[in-house]
Amino acid sequence: MANNITFTMLKPDSVEKGNIGAILEKITSSGFRIVAMKLTQLTTADAEAFYAIHKDRPFFGDLVTYMTRGPIVAAILEKDNAVEDFRALIGATNPAEAAEGTIRNMFADSISENAVHGSDSDDNAAIESAFHFSGREMF
Ligand code: CMP
């Protein structure tokens, strides 16, 4: 199972711009199955915990403000090689460097407001999924 799931968030900019449907279509047409999904909003404590690894970076305060300013879509996705394949689908952190046709190339405006999150390892996919979903919310 660990190799087969990843965790994503459609970040507040994606929701604000009305891009939920277009991004989900791109995800599912790329072979990912939605295991769990919800529209939710991070509290400041949630965002500080989720991004704790970045707490000493100069952009941390702006990141927490951005990620808490409106609703997000949180989802768990299943596919063979899910973590790696999803990071390829979303493209580079900086949309200016994201390959043509990737989600960040198509939907993100800047390195700070980059449309989507994707887990960077199987371990983090499991941790991030458990942060947002209980067992009975996963299908
Ligand atoms: P992500 O890689 O999903 O998780 C960390 C987030 O921090 C990243 O997306 C961006 O939203 C933000 N981020 C990363 N690097 C920078 C940067 N150099 N300047 C501003 N925000 C950043």
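## A ligand and its protein shell

By class, 4 nonpolar, 4 polar and 2 charged residues form the shell around the ligand. Here Ala, Val, Leu, Ile, Met, Phe, Trp, Tyr, Cys and Pro count as nonpolar, Asp, Glu, Lys and Arg as charged, and the others, Gly among them, as polar. The model is predicted: local features need pLDDT of at least 70, side-chain atom pairs count only at pLDDT 80 or more, and totals for chains, interfaces and linings use all residues. Residues are numbered from 1 along each chain as its sequence is written, and side-chain values use heavy atoms, with hydrogens and water left out.

**Around the ligand**

- The surrounding residues are Lys-11, Tyr-51, His-54, Phe-59, Leu-63, Arg-104, Ile-111, Ser-112, Asn-114 and His-117; each has a heavy atom within 4 Å of the ligand.

**Polar contacts (pairs of N or O atoms within 3.5 Å)**

- A ligand oxygen atom is 3.0 Å from an N or O atom in the Lys-11 side chain.
- A ligand oxygen atom also lies 3.0 Å from a polar backbone atom of Ser-112.
- For Asn-114, an N or O atom of the side chain is 3.1 Å from an oxygen atom of the ligand.
- Taken alone, the ligand exposes 460 Å², and the protein buries 78% of that (Shrake-Rupley method, 1.4 Å probe).

**The chain**

- The protein chain has 7 helices and 4 strands; these are DSSP runs, with helices (H or I) of at least four residues and strands (E) of at least two.
- Along the sequence, the pattern is β-α-α-β-α-α-β-α-α-β-α.
- A compact globule of 139 residues would have a radius of gyration near 14 Å, and the protein chain agrees, with 14 Å. The radius is taken over C-alpha atoms, and the globule rule is 2.2 Å times the number of residues to the power 0.38.

Note on methods
Polar contact = N/O pair within 3.5 Å; in protein donor to acceptor, adjacent residues only side chain to side chain.
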